[in-house]
Amino acid sequence: MDILIRNAILQDGTVTDIGIEDGCITAIQPEITSAAKLELDANGQLAILAFVNGHLHACKSFWREPLDKLELARNFDFTNMAARFGAISDVKRLYTVEEVATRAEKSILLAVRHGTCAIRLFADVDSDAGLRALEGLLNVREKYRDVLTVQVVAFPQNGVFRARASTESLLRQALEMNIDAIGGIPWLEPSEESQKAHVDLILELAKKHDLDAHFVLDDTEDPTSRSTEYVAARTIELGLQTRVHGTQANALAYYDDAHADRVIRLVKESGMTIFSNAHVALVTTNLRHQPAPRGMTRVFELQAAGVPVATAQDDIDNPYYPFGRNDLLEVAQYMAHLGQFTWGDEINRVLEMVTSIPAKVMRLENYGLSLGCKANILILNAKNWRDAIQFQPEKSFVIVNGKLVSRAVRHQEFFGLGTL
Ligand SMILES: [Zn+2]
């Protein structure tokens, strides 16, 4: 046996040992007697599946580093949304393959440290970034191939039709670069016709190249933004069910109930999973009005209709979101608050949103915490998931594909105050 984890608590409260060999869970029972090359004492801490992050704009993460190289950085007004989005264009023109990879590696190490076993990275493909962001992220995927699952999505962040010739031809080149999925962002296009043409183009390319498609959908408070239903309808018409997924769909919250209900039923029929990364939508815009928007889709109604809903980090230190440590325990806490998953069993639904649901989107094989599954295990210094959300504890051991990839050593002392 390669690794033996002693005295872990599972979600259902049972205490168990977990044996790992050749990357897989080969025993899960109390008091395993076999010897192991490495023995880890969980000491009554919680064992859960390692996290899956299905959406991260890794090429733009930590954008202040390249931003600092620009003249405009000195007096930059970060509070001005238009200035931020304008500056990211300048930053992207500075991209080199190596520079993008270096910043993305920071995100990967943070992911590992915080217990992530699989991550989907979005690379901007447009006239500013060219194919350099994509190449940088593909290099990172290659470098970490034996550590964790990295997937790379070619993503036309600026839309396709504002600069059609260049973005479309870049996307077509990207499809020859062994990418894992193609992205889209139809709601950004200037007209309803071009939004539909955007969806049609991406789905046609996905189908032709036998790839999944991952769209950013209606990330706006505008109730006339209707790309989610068009993506769902075309997915059904083209027979691409379960091959297409979406992020945000925030306008759904602004439709009247009857229309929202119709869209939710279409989304269900399309087999889409919706990623709701509400912590980002909450702070992206400068819209300051009352009631303050939460920036999230109808998570409860989607779930009630049987639509899988996930949540992901999405952004780290970029024009859309200023924070982020690539920690899905932190993201889960945001979802618990913004989505009101706060009492009883509701809290456990957030765990699925950062584990099994995004794992299905990424088609992870043998992902589970049972005999024969790949050993992707996170030992959290908590007794249960509710406590983990509350206390945001350290990730004591991170095991990915059967290997210990990270361990936390943290020591806190109180003076004359007893212990926690
Ligand atoms: Zn995003």
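The chain has 14 helices and 15 strands; these are DSSP runs, H or I of at least four residues for helices and E of at least two for strands, numbered from the N terminus. What we are looking at is a predicted model, in which local features need pLDDT of at least 70 and side-chain atom pairs count only at pLDDT 80 or more, while totals for chains, interfaces and linings use all residues. Residues are numbered from 1 along each chain as its sequence is written.

Consider the overall form. The radius of gyration is 22 Å, close to the 22 Å that the globule rule gives for 420 residues, so the chain is as compact as a globular protein of that length. The radius is taken over C-alpha atoms, and the rule is 2.2 Å times the number of residues to the power 0.38. Of the 420 residues, 51% count as buried, that is, with 20 or more other C-beta atoms, placed from the backbone, within 10 Å of their own C-beta atom.

I turn now to the domains, whose bounds come from an automatic or database domain assignment. Domain 1 covers 3–50 + 367–407, and domain 2 covers 51–340. Their centres, taken over C-alpha atoms, are separated by 31 Å. To their contact, domain 1 brings 11 residues and domain 2 brings 14 residues, where contact requires C-beta atoms, placed from the backbone, within 7 Å. On the side of domain 1 that touches domain 2, strand 14 gives the most, with three residues.

Not counting residues up to four places away in sequence, Leu121 touches residues including Leu56, Leu137 and Val153.

Val153 leads us to strand 8, where it stands opposite Ala181. Strand 7 (residues 149–155) pairs with strand 8 in the parallel sense over two bridges, and pairing calls for at least two bridges found by DSSP. Strand 8 also runs parallel to strand 9 (residues 212–217), joined by four bridges. Between strand 8 and strand 9 the chain passes through helix 6 (residues 192–208) in a right-handed β-α-β crossover: with the strands pointing away from the viewer, the path from the first strand over the helix to the second runs clockwise.

Notes:
Two residues are in contact if their C-beta atoms, placed from the backbone, lie within 7 Å. A residue is buried if 20 or more other C-beta atoms lie within 10 Å of its own, exposed if 12 or fewer, and partly exposed in between; C-beta atoms are placed from the backbone.
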